[in-house]
Amino acid sequence: MWLLFFLIASAAAVLSCALLCRAAVAAARTTRPAPEAASGTVPDPADGGHRPGLTLYEMAYLSGGPHRLADLVLVLMAQQRRLLLTDTGWATVVDPVGKDAVERATLSAIGPEGQRRIPAIRDALAGDDAVREVADRLVTDGLALPAAARPGIATAVRLVQGAALLVPLSAAASYGTAPSGADHGPLLAWFALPLIVTLGTWAVARFELHPYSDWATQAGERQLPSSDSPTAPASLTSFALRGPVALTDPTLRAALHSSGA
């Protein structure tokens, strides 16, 4: 019986570590930082030139992908009283005029009735051309992972963490099913092998790849801590970087929480 538990633990360890290595190699091969990214600037198509830092939309995408960007524009419009977000997870249009392409896409996603569930809006925005343009621009600048490199490193690291937890659980199960009076030393020693593999891979990933992200490249991650938007409220910048946990308005937090954010 112990051999079955050992095979399960070993298979989980080898598979998860292999997926993490593959994700790291894919990210390294498919991302080529552009000169603008290396110098700390990102092209702004609105003025045809360059500007320092990242926009709120770009920060949101790099931190949490298209769903974070969708939540950001909903919160932004709600704070400006142009949308009403309820704690039941619905969004209602107050001002049907969008100030940019993403806001106009948001209003289109809500539809002509002026009201829609937030999860449906989020899903519609994630595939909209306006959001895709933000993503493509970040990929071109070497700040975001292209689709070919996802699922990314963060997902693979979580799998390695799960495998590292599975190994001692399997060892405990083997210990419990072993005949009484048997020498458990050699049995537990076998389980040390997959445990060393998972913990060693996790440690290397922590040293070489942290912070983990399914969306930002290492160049993009380096942009985020120092990124700021001088024209935007600090609460929106915090939300773009950290998500709903950064919200201080209980109604907005409840609206996103009830909608699955």
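Author: The expected span of a helix is 1.5 Å times one less than its number of residues, and helices are DSSP runs of H or I with at least four residues, numbered from the N terminus. This is a predicted model, in which local features need pLDDT of at least 70, side-chain atom pairs count only at pLDDT 80 or more, and totals for chains, interfaces and linings use all residues. Residues are numbered from 1 along each chain as its sequence is written, and side-chain values use heavy atoms, with hydrogens and water left out.

Reader: What makes the buried residues of H6 line one face of the helix?

Author: The buried residues (under 20% relative accessible area; exposed is over 50%, partly exposed in between, with a 1.4 Å probe and protein chains only) are Ala130, Val131, Val134, Ala135 and Leu138. Seen down the axis of H6, they fall within an arc of 145°, taken from the directions from the helix axis to the C-beta atoms, so they line one face. On the other side, Asp129 and Thr140 are exposed.

Reader: Why is serine 174 called buried?

Author: Serine 174, which is found in helix H7 (residues 153-177), has 0% relative accessibility, and therefore it counts as buried. Not counting residues up to four places away in sequence, serine 174 touches Trp2, Phe5, Leu187 and Phe191, where contact means heavy atoms within 4.5 Å.

Conventions: Helix = DSSP H or I, 4+ residues; strand = E, 2+ residues; numbered from the N terminus.
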